[in-house]
Structures are given as C-alpha cells and as structure tokens.
Amino acid sequence: MARKIPLLPLRELIVFPHEVVPLFVGREKSINALEEAMASDRSILLCAQKKAKVNDPRPDGIHTFGTIGSIIQLLRLPDGTVKVLVEGKSRAKIGRYIDHDKYFLVEVDVVEPSAVTVEEEPELAALMRSVQATFENYVKLNKRVPPELAASVASIDNPSRMADTIAAHVNFKLSAKQELLETESVRARLEKLYELMQNEIEILQVEKKIRTRVKKQMEKNQKEYYLNEQMQAIQKELGSQDEFKNEIAELEEKVRRKKMSAEATDRLKKELRKLKMMSPMSAEATVVRNYIDTVLALPWDERTVEKLDVDEAEKILDQDHYGLEKPKERIIEYLAVRSLVPKLKGPILCLVGPPGVGKTLLAKSVARATNRKFVRVSLGGVRDEAEIRGHRRTYIGAMPGKIIQGLRKAGSANPVFLLDEIDKISMDFRGDPSAAMLEVLDPEQNQAFVDHFLDLDYDLSDVLFLCTANSLHSIPLPLQDRMEIIELTGYTDEEKGKICRQYLIPKQLEANGLATVEVTFTDQAVGELIHHYTKEAGVRNLERAVGSVVRKLAREYIKEGKKKKAYKVDVRTVQRLLGPQKFRYNVAETNDQIGMTNGLAVTIFGGDLLPAEVTVSAGKGKVTLTGKLGEVMQESAQAAVTYVRSRSLSFGLEPDFYEHIDFHVHFPEGAVPKDGPSAGVTIVTSLVSALLQVPVRKDVAMTGEINLRGKVLPIGGLKDKLLAAFRGGMKTVICPRDNEKDLQDVPKNVLKALEVKLADTIDDVLRAALSMPPEDHPNAPFRKFMSGELVAGPADWRAVAQYLDERRRKDRAAHESEHGPH
C-alpha cells in the first residue's frame, strides 16, 4: 500500500528495521523533513546516498530502498543542527518523488516481511542456528561488539528481525549492508548474512594472528632492552664504562691539539658535548663519532715544504717527459712566480689532449718537482652532485665528497690534486656535478669551500689543481672559464721513436725481467711498431706493443735455458713475434685521380689523410652524402655543392647543369665517424674535378673550410694534419692563410719536406690542386679561370639570368612550332 512520507538522505549510514540510531542533521532540507514528520505521525523514510560527499543530492543519487523510521526524540542544538533519535520500523521502496521545494517528499511502498515461521520450515530453523552460531564466533573475535548482544540475538524467534539485528551490528561495507536491506526474501537474507560474516571472521582471525606476532616481537625487544640496560648497569658497577669516558677524553685532547679553523673547533666541541650525553651503543653516537673522526683526519694546517727551485724542477720535468714544451713552460712559470709571491692563489691548469700523450704522468712529475703530495680523483662517470660536495649527515651512510676524501688521503693541505677525465662528467636527476665543480675550481671562491657532510668552510686555495680532458666540447663553458687550457697535441713519429728508445724499452725490459739481457731495437723496428702496429696520437699502445715483444723474447729466453745474452729486434723479428701488420696510414695514390682529393683530418689517433671522392651521373640534381658524416661535414658538403652551382659560368658549365646530373660525395672508411669544419675545400675540389673531368694532383693534400663566397676559413689541428701529410708522402699542403701563425709549432724537418701553400680563396686552391694544364682543356672559360684571366663576380648572376631568359624563349618557340600558339 503506497503512502506519502518525507525523505531524510543519510551519508555513509544504513538504518535497518528494529534498529535505534542517533542522527545529527544539519542540512536545511533534512531539517525541514524532520519538522514535517514531527508535525504529522513522526514517520520518516531513511535512505542512504550513493555518494556521501554530495551535499545536495538529486533523486538519482539516492538509493531506492530504505527504512521507514519513527522519531523517538528530537533536540535542537545551539549551532542550528538537530539531534534526533530514530527507530527503524519497516522496509520501504520509493515509488516516485513528489515535487516539493523545502524537503524530499516521496511516495513509498512498504515491504512487509514474509509470514514464514520456524515450525513450518525446518530448513530455515537450521539456517537461523548457523547464523546465530557464526555471530557468536564473530562477537568473540571482535572486541568492539559487546558480548551481551549475542545473548540478545539468541532470544529472537523472528528470522527477519534476527537478520536485521545482526546486520546492524556487524562491520560490513556500505554496499553489502544496502544489498541486505534490499533483499526481501528472509532466507536469502540469512544466507547472504552468513556468507558475509564468514568472510569477516576470516579477516578477524588473520588480524588476530598479526597482533599476536607483533606483540611477541615487542615483548622480545622489550626483553632485550631490559637486559641491555641491566648489562650496562653491571658494566658501570664493574668500571668498564670508563672505556667510553677514556675515548671521549682522548677525542677532547685531539681537538685541543689539532690546529683547525675556529669554526671547526667550536663545532667539534659542541659535537663532543652531545656525544657525552648519548648512550655509546646508540646509532646517533656512531654518526657523531664518525663526523668527529672525519674532521680531525683532515689536513687543516698540515703542509709539505714546497720546493721552488726552478732549475731543479725543469730538470725533473725534462727527465720524465720528452717534448710537451708548452705545459712544462707554464709549470716553470708558475714556480717562478710562486718564489716571488708567497701567497699565490693556485692556478687551475687543464691539460687537453688525446689519450696516451702523458697528461696524468705530467701531473705526477709536477708533484715530484714541487715536493708536494699527489692525489688523483677520476671523474669519469660521476653523475651525482653529492659525489663532489658530499652527503648531508641526515642520510644513512653519508660521507664527504671526492674533494675532501682526496685531501684526507693526501694528508696535506697543499697537494697536487689531479681531477682526471673532467670531460667525462655527466648529469642526471640527482644534480649536475660540473656545477659543483665551479666553486672548487674558482680561486676566488674555493678558499671557503663547503662540503655538505662537514658543513664547515675549508680552504682549498693552497691546492694546485690540475685537470685532464680528451676534448673541450663536452666541458661546460662556465667551467672552462675557470681553468687555464693547455692543449697537448699528438707526438710526431720522430718524438715517438725517441720516447720509445729512451723511456718505453728500458721500462718494459725492467718490468718483464730482461734488464740484465742486452736487447737492442733497431730504428726500423721501432718505426715498424709505430707505423703498422699502433695508430694513436700518444704512446700508450706503443708501450703495449713494446711490452708484447719483450714478453715473447722473455719466453724464448726461458726456453733456451737463459743462455743467450743478447737479442737484436729488427723488422722481421717484430713481424714474427707480433704477426701481420695491424694498421696502415693512408698514403698518396700512384696516379692523379679525377674526383678524388686528399683531405686532412684530426682523429683520436692524431692526424690522418682523409680522401674525398665525388662522382657524377645522369639524374635530377640529387646530392648523396656517405661515409658516416657528422652534421658539420654534411653542412660543408651542402655549402660546397651550392658554391659550385653559383660559379657554373666561371667553370664553363651551363647554369642549369645540376638539373640533369646527380652528385655522390663519399669519404672512405665508412665505419669511422667523421665530423669537423675542415673539409669544405676538399669537397669543392673533388666536385670541380668530377664535373670538368680534370685530375687532382696525387701529391697534394688540403684542409680548410669555405663560405658561400669562396673564402677559405681557418681550421684547427694544423700540426697533426701536416704530420699526416708528411707520413703519407705528400709534397704540397694547401691550408688557409689565417693558419700561417700555427706553422711555428710544426717540426722543422716536416716543414722542410713539405711545400705549404697558403690560400685566401677557393680559386687559389683549385689552381694549385688541379693537374691538367689549362691549354689542354677544351673548356674555354675554364682555361681562362685556371690562367687567372677570369675571376667570377656579380656579372655571373647577370649572365645566368640572361641564359635562363634565352632558354625560356627557345623552349616557348619550340612548343609553338610543334603545337601552335599557346
């Protein structure tokens, strides 16, 4: 039977029949609904909201099943809210909502419980007993439910009332309770209730196991703590506690004697006061003692007596290293100034050069020459800023950074500190280590360097920092700005030979047990090792090759019973011991080639010949670049093609020649990456040679970049490139005129063997490199160009425009004669 009744939406609460609940009501609509119920028969429908956070729910946000309740008591509170006590009476289902402004008014159908008795259905009685027994078990496990409730439930005869009473007191999810409320069948409701209680009991049993296990563990910890306290009390009575006191007294004495900054002394005194108040077994005490030991171990005032004898230092550097004149000269300058200015802020020298040229060994020699301690820190792969600045003490396992650790290891406040491979620093989400190095390597700031672990100012101004790197491009510019860059170029073959005979061979004979045996390397054998068994700018692999030869000789020496007293190593011996030749330097071609020019490049192995090949074929103007070229070389090739197209009339080519052919520019040894701004003139020369079918001289090598106006731009690494040309048998080298100043660094024997031509424009390069005499070429403009009579200029563009206009007129006339007027 339908009836009209006010509706009270509930948040996260479901009221069952026969349940008495107190409610606090604050929403205006809900208070109006309560007032309307009090004015009539005190009946109100209690339904749960689907979403509890909605403050003003709509009808579709309220469940359709609810409980008709009777208001027992209503009390208005001072803050405007209403406290009401409601008793659930019966289930009801909302039929429809009746429009009302002040509150929800609904028409409901009352759901009466089925009139089933226990006597009529024995199966229902069994189900009731199971539910009752399960509820008793639940009450035993859940301490929040009063035990008297189980006895109260046992006295209920009505199965529907029993189900509702239990559902109201068991801690189910809201959705499960709503499902029980909407289940009209008593049997189905009891079965669902039994299943839900079984799940809850399983959860409660697991929680009980966990609580028991945790309680046992707590009891064990409390027992251990109690025993430890007893043991400490016994030790204290026996006097063993004095050991900790003695240790603190010893630390206090060290702090008193140690010469440190005032800030460091005050900090250690505070830490010692904290340590006295701590238990010696606590973790915090270990952290404090570790900090005190670290600060005391640092060389705050310990310095070695610096040797400032310039002549002695120069002798030591020459003794340890052959060549490297510029780095040695700069170090001698530093020592000379240091002898005049006692408090000189340490310079930051960065030695940049290819692997194996002796950068690290040079740093060790500086330490020996100045009588300083030497410490080396490798920065390769460092990605965390904390590795430079240290970790804060709040972290477990915190430690100082590499700078402070290095000084602690050196035991001196003025060592030679080598920062090896500074170009290999990387960065990630933990910070940028190179930014932390800015303070370390700035003479204006490093007198108050702060390590996060120490949290104290530490003076680094007396440290002589030396850095090494293989290249500059990966070092951030602000970091480069704080260092004095000294470039170390690769060794010449002559220098490698002298280093090999004076240093490497004696060293390897000593290391491999043949110092007492006379082993002689011929000059040809050393040259064979340099040219065909190593390919590098330095001498590291050369030392390995010498060591391999010496080890094999040692094996033969043992096999022969240690009787042979002398060995002569010539070219045949090297080839017999080391096998076939591993490397070859690029050398000149036997004949002049069309479209092939000898370029010069600097690689990690030093200078090398880098031929550039160009072929042209029928096509539509496509340019193909191969040889694993980097972006810079690809741009050089594009600029070269554009320049040749712009100079077409000077070379006797039609202005649209490129529309009918394809270009292929190739650099051999495609597996080796190539990049750098020095291949422009080489590509232009090969292009002109291929287009005009003019050979390029086989004994000419060149280097230089060009712009779109044909000017030859300066390049780097001229010394290494000239050495490569010298090794490759070149007779002439063409280089930019702006690089004339770099010729003073080239060995005199190399300059004597090579004719170096300085070029201002690409015209100078072409006239020196192309081998066909001008009078032999059928192209008249090219003959004038080669003889210097015709120089390209703006007139070329007017000529190109005239040519294109004339061609368009001819094409139009041919079309009209064939197809008629357009």
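Q: Contact means heavy atoms within 4.5 Å; with which residues is Val416 in contact, leaving aside its neighbours within four places in sequence?
A: You are looking at a predicted model, where local features need pLDDT of at least 70 and side-chain atom pairs count only at pLDDT 80 or more, while totals for chains, interfaces and linings use all residues. Residues are numbered from 1 along each chain as its sequence is written, and side-chain values use heavy atoms, with hydrogens and water left out. With neighbours within four places in sequence set aside, the contacts of Val416 are Ala363, Val366, Ala367, Thr370, Arg372, Lys373, Phe374, Val375, Leu464 and Leu466.

Q: Is Val416 buried or exposed?
A: Val416 lies in strand β9 (residues 416-420); helices (H or I, at least four residues) and strands (E, at least two) are DSSP runs, numbered from the N terminus. Buried means under 20% relative accessible area, exposed over 50% and partly exposed in between, with a 1.4 Å probe and protein chains only. Since its relative accessibility is 0%, Val416 counts as buried.

Q: What percentage of the residues in the protein chain are buried?
A: The protein chain has 27 helices and 26 strands. Among its contacts with a separation of 6 or more, 73% join residues 24 or more positions apart. Of the 822 residues in the chain, the buried share is 45%.

Q: At what angle do helix α17 and helix α19 pack?
A: Two packed helices are described by the angle between their axes and the distance between the axes. Here axes are lines fitted to C-alpha atoms, for helices over the stretch in contact, and angles run from 0 to 180 degrees between N-to-C directions. Helix α17 (residues 493-511) and helix α19 (residues 540-559) have axes 10 Å apart, and their packing angle is about 45°.

Q: Why are α17 and α19 oblique to each other, and which hand does their crossing have?
A: Angles under 35 degrees count as roughly parallel, over 145 as roughly antiparallel, 65 to 115 as roughly perpendicular and the rest as oblique. The angle of about 45° therefore makes α17 and α19 oblique. A crossing is left-handed if the near helix is turned anticlockwise from the far one by less than a right angle, and right-handed if clockwise. The crossing of α17 and α19 is right-handed.

Q: Which residues in α19 do those in α17 meet, and how many residues of each class does the contact have?
A: From α17 come Lys496, Cys500, Leu504, Ile505, Lys507, Gln508 and Leu509, and they meet Leu542, Glu543, Val546, Gly547 and Val550 in α19. Ala, Val, Leu, Ile, Met, Phe, Trp, Tyr, Cys and Pro count as nonpolar, Asp, Glu, Lys and Arg as charged, and the others, Gly among them, as polar. By class, the contact of α17 with α19 has seven nonpolar, two polar and three charged residues.

Q: Which residues of α10 and α11 make the contact, and how many are nonpolar, polar and charged?
A: Helix α10 (residues 310-320) and helix α11 (residues 325-340) have axes that come within 10 Å and cross at roughly 160°, which makes α10 roughly antiparallel to α11. The crossing is right-handed. Val310, Ala313, Glu314, Leu317 and Asp318 of α10 form the contact with Lys328, Ile331, Ile332, Leu335 and Ala336 of α11. By class, this contact of α10 with α11 has seven nonpolar, no polar and three charged residues.

Q: What distance does the polar contact between the side chains of Ser461 and Asp459 have?
A: Ser461 sits in the loop between β11 (457-458) and β12 (464-469), and is buried at a relative accessible area of 9%. A polar contact is a pair of N or O atoms within 3.5 Å; within protein, one must be able to donate a hydrogen and the other to accept it, and residues adjacent in sequence count only if both atoms are side-chain atoms. The side chains of Ser461 and Asp459 are joined by such a contact, at 2.6 Å.

Q: What is the phi of Glu12?
A: Most residues other than glycine have a negative phi. Glu12 lies in the loop between β1 (2-10) and β2 (20-25), and counts as exposed at 60% relative accessibility. Its phi is positive, near 50°.

Conventions: Contact = heavy atoms within 4.5 Å.
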